[in-house]
Amino acid sequence: MHKLLAFDTSTEHLSVAVQHGDALWTHSGAGGAQSSTTLIPLVLQLLADAGLTLQQLDAIAFGRGPGSFTGLRTACSVAQGLGFGAGVPLLPIDTLQAVAEEARERFGARRVLALLDARMDQVYAAGYDFDADAPADSAPRLQAPEEVEVPAGWVMAGNAFQAYGERLPSGPARHAVLPTAAALLRLAPGLIAAGRTVTPAEAWPLYVRDKVAQTTEERLRIRRESAAHASVTPST
């Protein structure tokens with residue numbers, strides 16, 4: 001696989017990359033809410049710079065989560081739209097795995113506990129051992145910072161240190177890194193060889209935290225129930 005597109009919008013950082021053979025084109029910048037309007041133009045620009053069309057791609061990789069709910073929905077919906085339109089398979093990749101890969105590439109880390117700020121006083125965590133003969137998938141989990149345990153000889157990597165630094169284990173080395181599109185591209189060949197590509201209809205975000213906000217309908221229902229309860233509760 002030598003013609004690949006990758007992007008990640010799971011954090012406040014937007015990262016896009018295109019690989020054509022051994023050449024790489026990348027963009028990184030502010031993400032967040034504006035990712036939904038800037039991602040597609042950036043993708044098309046990088047593809048043009050690489051001399052590629054969407055139809056020529058072998059796969060589209062995207063950070064599936066965990067991370068910002070809005071960011072994950074943006075990445076997945078854009079990947080699905082591009083994949084459907086061009087007839088290209090998708091490769092959803094865990095953002096925590098991309099964090100670990102970035103720590104491996106930049107700092108030579110081999111055993112990495114990846115940590116991303118999940119807000120609400122929690123972190124997303126997963127461990128990756130690059131020295132294992134057949135590394136097993138590490139299921140991302142949601143934890144309070146005080147619940148994080150780091151095996152001996154492992155390092156921590158991610159973006160959780162500024163928010164929860166004093167509440168995380170103090171002994172292991174800490175590498176401040178984010179999931180990047182370049183990391184997704186480095187992971188892609190092995191995952192493609194392992195049969196991890198899916199059709200656009202089969203691609204979904206990985207939220208881990210299933211629900212953090214109530215819908216308008218749910219809020220109104222709760223208010224009605226609260227009001228009804230108050231009307232039948234004797235005053236004291």
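**View 1. The loop between S6 and strand S7.** Arg119 lies in the loop between S6 and strand S7 (123-129). Helices (H or I, at least four residues) and strands (E, at least two) are DSSP runs, numbered from the N terminus. The model is predicted: local features need pLDDT of at least 70, side-chain atom pairs count only at pLDDT 80 or more, and totals for chains, interfaces and linings use all residues. Residues are numbered from 1 along each chain as its sequence is written, and side-chain values use heavy atoms, with hydrogens and water left out. Phi of Arg119 is positive, near 60 degrees, although the residue is not a glycine. Arg119 counts as exposed because its relative accessibility is 52%. Buried means under 20% relative accessible area, exposed over 50%, partly exposed in between (1.4 Å probe, protein chains only). Met120 is also placed in the loop between S6 and S7. Its phi is positive too, about 50 degrees, in a residue that is not a glycine. Met120 counts as exposed at 53% relative accessibility.

**View 2. The second largest pocket.** The volume is about 400 Å³. A pocket is an open set of points on a 1 Å grid over the protein atoms alone, where a 1.4 Å probe fits, with protein on both sides within 12 Å along at least five of seven lines; lining residues have an atom within 4 Å of a point. Grid points are joined across faces, edges and corners, and a volume is the space filled by probe spheres set on the points. The lining has 17 residues, and Ser10, Gly67, Ser68, Asp117 and Arg119 lie nearest the centre. Helix H2 (69-86) and strand S6 (111-117) are the elements that give two or more residues to this lining. H2 gives the most, with three residues.

**View 3. Strand S4 and its partners.** Strand S4 (residues 59-65) is largely enclosed by the rest of the structure, because six of its seven residues are buried. Strand S1 (residues 3-8) runs parallel to S4, joined by four bridges. Two strands pair if DSSP finds at least two bridges between them. Leu5 stands opposite Ile60 in S4. Strand S5 (residues 90-94) also runs parallel to S4, with five bridges. Gly63 stands opposite Ile93 in S5.

**View 4. The cis peptide bond at Pro66.** The bond from Gly65 to Pro66 is cis, with omega near 5 degrees. Pro66 sits in the loop between S4 and H2.
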